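Colleague: Please pick a single part of this model and go through it closely. Then set that part against the rest of the chain.

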Amino acid sequence: MIQRITDLRDYFKQYDKSIQEPEKFWAKIAKTFTWQKKWDKVLKYNLHQAEVNWFVGGKLNITENCIDRHAADTPDKVALLFEPNNPNDAPTKITYFELYEQVNQLANVLKAQGVQKGDRVCIYLPMISQLPISVLACARIGAIHSVVFAGFSASALRSRIEDAACKIVITADGGKRGDKVIDLKNIVDNAVNDVSCVECVLVVKHTQTKVAMDELRDKWLEPLIDRAAKTCEPEMMDAEDPLFILYTSGSTGKPKGMVHTCGGYMVYAAYSFQQVFQYEENDIYWCSADVGWITGHSYIIYGPLLNGATSLLFEGVPSFPDYGRFWQVIEKYGVNQFYTAPTAIRVLAKQPSELVEKYDLSSLKVIGTVGEPINEEAWHWYDKHVGKGKCPIVDTWFQTETGGIMISPIPYSTPTKPTFATWPLPGVQLVLMDPEGNEIQGKSVDGNLCISFPWPSMARTIWGDHQRYIDTYFSAYPGYYFTGDGSLRDQEGYYRITGRVDDVIIVSGHNLGTAPIEDAINEHPLVIESAVVGVPHDIKGNALYGFVTINDHSQDKEQLTNELNAYISERVGPIAKVDYIQFTNGLPKTRSGKIMRRILRKVATGDLNQLGDTSTLLNPECVEDIIKGKL
């Protein structure tokens with residue numbers, strides 16, 4: 001069992017150990033897991049070449065640690081709770097022993113379809129129990145899973161399938177999202193048409209939608225599982241064998257397939273989950289993210305199961321059947337740890353407060369945010385209305401590339417501070433760099449956020465293109481991993497992420513991070529959310545252009561613009577006032593909820609011919625609306 005940090009003194013003690021003797025620190029944690037062969041060397045690395053190896057020579061299978069040991073010790077404990085899209089539908093509970101059998105059955109189905117160690121399997125499923133089971137079945141037999149969010153278009157899905165040369169696709173007849181049914185099978189058909197690498201499409205019957213089935217390629221999954229054996233020997237994997245590929249959008253070029261490996265990822269996902277959420281026996285943990293993102297991989301499946309936790313899987317959306325759904329689910333299951341996105345919090349905070357107050361949220365012990373920095377107004381609302389002033393808020397920062405949470409308060413140990421992710425987790429060596437490549441010392445400073453020493457769950461490469469991995473993450477500051485984010489470090493040494501470095505705008509010689517400006521705008525009672533970008537300006541070099549979503553378009557726009565700039569002037573400074581404000585009905589977002597500022601920059605500057613592919617956005621229709629509003 002991983003030893004939890006107990007108080008502030010213990011945090012500093014653990015952090016100092018992790019920096020002074022990193023190999024000894026991580027070896028002690030790794031020893032709490034089942035290894036078929038112990039490692040020969042804890043760490044071997046060269047950051048200049050982006051070469052990192054953890055637990056060199058070690059042999060293991062991550063599913064033995066996620067499932068087998070718990071199935072033996074606590075077979076009747078619930079591993080996964082499935083809450084369906086419609087609250088009137090029956091939920092599902094899967095114990096650790098049932099999970100053991102179901103993962104083995106699907107693993108045997110994959111083997112029967114010719115899947116071998118090292119083959120890639122694309123998983124394009126809604127948030128149903130077959131999704132984590134498919135992930136774990138791949139890991140059981142050494143296949144590399146590539147989960148694609150079941151909302152991406154056929155072209156986006158196709159590019160990921162082709163890039164990884166996936167042999168099998170696992171999908172469903174459809175997905176449920178609020179009052180809509182998504183035709184997943186048709187999307188897959190369009191994606192894999194004439195794709196030579198795909199030999200078989202396995203289809204889960206979920207929505208009972210009538211779908212076309214290619215008799216040579218497509219197979220219903222349930223009959224195959226019914227005939228499959230319930231035992232499957234786990235494939236022995238080297239610690240550095242790939243576990244999964246997860247695609248993240250590049251600022252330029254095609255999506256990047258980040259490769260995570262078995263040993264180091266396992267150790268860090270388990271460790272970070274335990275420390276950040278302070279999970280205790282019999283707690284009910286809920287992360288509302290989708291498994292299609294790194295948050296879902298690490299903090300719905302692997303992190304919780306490695307710790308023997310009960311993890312809740314939610315198929316629905318926060319607005320269906322009404323905006324009280326999140327709080328209804330927390331009351332229904334007695335959720336103890338709740339982890340969601342600031343975007344969701346901001347939307348829910350705009351709803352009538354009785355939608356929260358009518359539910360009993362007293363079971364909550366820790367509440368968290370993920371995906372982007374949380375603004376101060378949303379933080380205080382979350383604290384007051386959801387946490388009732390008694391639950392620490394873990395404002396977490398990490399990336400697809402990092403594999404696990406890198407900066408976060410430790411509940412009941414780290415004093416929290418709105419908008420600050422606070423201190424790094426043990427083992428994470430953060431530095432701030434100036435544009436010349438020098439480390440910035442001291443406190444009350446800001447710079448580009450880098451990491452100076454390897455951590456176990458860092459991505460090892462970009463699938464099929466290691467040079468791109470070097471160029472993207474290790475060339476700006478040789479010998480360091482460059483996150484691409486800017487950060488402040490305050491007097492306490494707390495870190496506040498100020499946004500992507502390309503979202504730092506120089507106005508009249510002042511470096512202005514967009515996050516604090518957006519925070520100020522978002523505090524206005526009429527504002528739902530905002531995004532600020534830079535546009536060329538003859539005198540200032542750059543001017544600020546704000547896209548602001550409001551909930552009442554009958555307001556006088558000139559007066560509202562003046563009010564917003566007064567908020568900015570008061571909270572950030574007069575230099576940060578926005579020159580142009582365009583009021584919108586919505587902002588273009590990725591499927592994970594991140595605002596696509598790249599598109600907004602192009603709209604603001606009138607560069608409408610190079611918007612790129614907008615079909616994979618959560619809400620592509622809003623781009624046209626924004627363009628019309630600009631014109």
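Modeller: Helices (H or I, at least four residues) and strands (E, at least two) are DSSP runs, numbered from the N terminus. The model is predicted, so local features need pLDDT of at least 70, side-chain atom pairs count only at pLDDT 80 or more, and totals for chains, interfaces and linings use all residues. Residues are numbered from 1 along each chain as its sequence is written, and side-chain values use heavy atoms, with hydrogens and water left out.

The part I would take is an open sheet of three strands with mixed pairing, in the order β28-β29-β30. Two strands count as paired if DSSP finds at least two bridges between them. β28 and β30 are the edge strands, each pairing on one side only. On average, neighbouring strands in this sheet are turned by 20° against each other, direction ignored; such angles run from 0 to 180 degrees between N-to-C directions, and axes are lines fitted to C-alpha atoms, for helices over the stretch in contact.

On the parallel side, β29 and β30 (residues 580–584) are joined over five bridges. Here Tyr545 has Tyr580 of β30 as its bridge partner, and Val548 stands opposite Phe583 in β30. Between β29 and β30 the chain passes through helix α17 (residues 557–571), giving a right-handed β-α-β crossover; right-handed means that, with the strands pointing away from the viewer, the path from the first strand over the helix to the second runs clockwise. α17 lies across β28, β29 and β30 and runs at about 120° to β30.

How enclosed is strand β29? Eight of the ten residues of β29 (residues 541–550) are buried, so the strand is largely enclosed by the rest of the structure. Buried means under 20% relative accessible area, exposed over 50%, and partly exposed in between (1.4 Å probe, protein chains only). In β30, Gln582 counts as buried too, at 6% relative accessibility. Leaving out residues up to four places away in sequence, Gln582 touches Tyr545, Gly546, Phe547, Val548, Ile626, Gly629 and Lys630, where contact means heavy atoms within 4.5 Å.

Now the rest of the chain. The largest nonpolar core has 155 residues, and those with the most contacts inside it are Trp35, Phe55, Leu99, Leu110 and Tyr302. Such a core is a set of buried Ala, Val, Leu, Ile, Met, Phe, Trp, Tyr and Cys residues joined through side-chain atoms within 4.5 Å. Helix α9 (residues 262–277) gives the largest share of this core, eleven residues. Beyond its neighbours within four places in sequence, Trp35 is in contact with Ala30, Phe55, Gly58, Lys59, Leu60, Ala239, Gly263, Met266 and Val267. Another core, of 29 residues, lies apart from the largest one and includes Leu312, Val335, Val356 and Val386.

Leu99 and Leu110 also take part in a helix pair. The axes of α4 (residues 96–112) and α5 (residues 130–141) come within 8 Å and cross at roughly 65°. Among the residues making the contact are Leu99, Val103, Leu106 and Leu110 of α4, and Ile133, Leu136, Ala137 and Ile141 of α5. In α5 there is also Val135, which counts as buried at 1% relative accessibility. Residues up to four places away not counted, Val135 touches Ile123, His145, Val147, Ile301 and Tyr302.

Two further helices are mostly covered. In α10 (residues 294–306), 13 of 13 residues are buried; after α10 comes Gly308, with a positive phi near 70°. In α11 (residues 325–333), seven of nine residues are buried, including Phe326, Trp327 and Arg325. α11 is followed by Gly334, whose phi is positive, near 65°.

Another strand pair is found at residues 41–46 (β1) and 51–56 (β2), which run antiparallel and are joined by five bridges. Lys44 has Asn53 of β2 as its bridge partner. This hairpin has four residues between its strands, and Ala50 takes a positive phi near 55°.
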